[in-house]
Amino acid sequence: MLQCPLHRCRGHGDGVDADGVVGQPAKTTLCLGTHVDGSDLFARGERNEPMGDVGKVPLQGRQHPIANLCAVVATLRIAFIDDDAIAFPDWAEKIVECYVDHSVIGVTGPGLPLWQNDSLRWLPEEFYWIVSCTAFTGWKERRAVRSAWGMNMSFRREAFDYCRFSHDAGKTSGGFEAWKAGPFDDAEFSIDLRLRTGRTVTFDPAVRVWHKVYAYRLSPRFIRGQSFWQGYTKAYLRRAYAADDDERRLSREQDLLRRILVRLLPRTLARLATSPRLAWRRLRLIATVLTHVGVGYLAGTWPRLGAAIAKRYG
């Protein structure tokens, strides 16, 4: 297993040559997961301590969590993982198994929340996308999907003959509560790749990573920003990739909205009598998210208006 620096992607022919990525030597440690208690795992990750019984590559005689790296799996598949994610011990093995099917051009999998502390667990699963975790999908089986998640994704080497990683996509604007400089990186690359190749990106529930959830990710400002950019991204991609039936229909988003309005909202209202503080907190969340997703979608639909609105969200 080799590693190299991560470059995110946008568009064809305007970014980094994948040959240069694949050819680079291993320079950092790859921690392929853990199975210890979540709170202890989070603390050890913060201290850069070994994560447990996992596969690693040495770096200057010590162990270090994955930090914005990609791993070249069997030299023919390039896998990416976020710097705040920790792969399960069988992560690489499960990725390789997916590529037995030659119609698969990319693989993604679940991001499971690794809470900084228990006070964050009030977040309903329907809104796990705010913290880049995937339980909101409800997916339990292997399936073809619209796009991969950048915190846990891989592609065949030949994917980079069709698309390229941009130098800017995937970066943030800086600061503690940093926003993405371009919110379309993983999704746009995946959609573009599927349309160009006619092959599938596969979600496999066995390709798992823990994804750290820091307290600031549930701050009002962060929630508003994430909600806005989700709406903006959906509108942008729907316009840019009208040929993609899944993106055009937004069936996943429609299903999630139905679950929020038909299941989560009534369930939350029913808890007002027994757990009023939790219920009001979730009701504010529902109102905030739906409002700012809607604003983002309008901004992405009308770019001239959107440019002015987007400045308010970083």
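Let me start with the nonpolar patch on the surface. In this predicted model, L257, L261, V262 and L290 form that patch, and together they have about 330 Å² of accessible area. Which helix gives the largest share of the nonpolar patch? That is helix 7, residues 251-270, with three residues. L261 has a relative accessibility of 41%, so L261 counts as partly exposed. The cut-off for exposed is over 50%, and that is why 41% puts L261 in the class in between.

Now to the aromatic rings. How many aromatic pairs does a search of the whole structure find? The search finds 15. I will go through two of them, and then a cluster.

The pair I take up now is F155 with F189. Their ring centres are 4.8 Å apart and the planes stand at 80°, so this pair is edge-to-face. The angle cut-off for that label is over 60 degrees. Where do the two residues sit? F155 is in strand 8, residues 152-156, and F189 is in helix 4, residues 185-197. The pair therefore ties together parts that are 34 residues apart in sequence. Are these two side chains buried or exposed? F155 counts as buried, at 0% relative accessibility. F189 is buried too, with a relative accessible area of 2%.

The other pair is W229 with Y232. Here the centres lie 5.2 Å apart and the planes are at 70°, so this pair is also edge-to-face. W229 and Y232 both belong to helix 5, residues 220-240. Being three residues apart in that helix, they are separated by about one helical turn. Both W229 and Y232 are buried.

Then the cluster. Ring pairs link four residues into it: F136, W139, W149 and F203.

Last, the confidence, since the model is predicted. The average pLDDT for the protein is 76, and 69% of the residues score at least 70. Which stretches fall under 50? One is residues 1-74, where pLDDT stays under 50 and the model has 195 contacts beyond four places in sequence. Another is residues 172-183, also with pLDDT below 50; this stretch has 29 contacts in the model beyond near neighbours in sequence.

Terms used
Residues are numbered from 1 along each chain as its sequence is written. Side-chain values use heavy atoms; hydrogens and water are left out. pLDDT is the predictor's confidence in each residue, from 0 to 100. Contact means heavy atoms within 4.5 Å. Rings of Phe, Tyr and Trp (its six-membered ring) pair if their centres lie within 6.5 Å; planes under 30 degrees apart count as stacked, over 60 as edge-to-face and the rest as tilted. Helices (H or I, at least four residues) and strands (E, at least two) are DSSP runs, numbered from the N terminus. Buried means under 20% relative accessible area, exposed over 50%, partly exposed in between (1.4 Å probe, protein chains only). Patches are made of residues with over 30% relative accessible area and no salt bridge: like charges are joined within 9 Å, nonpolar side chains (Val, Leu, Ile, Met, Phe, Trp, Tyr) within 5 Å. Accessible areas come from the Shrake-Rupley method with a 1.4 Å probe; for residues, only the protein chains shown count as cover. A salt bridge is a side-chain nitrogen of Lys or Arg within 4 Å of a carboxyl oxygen of Asp or Glu.
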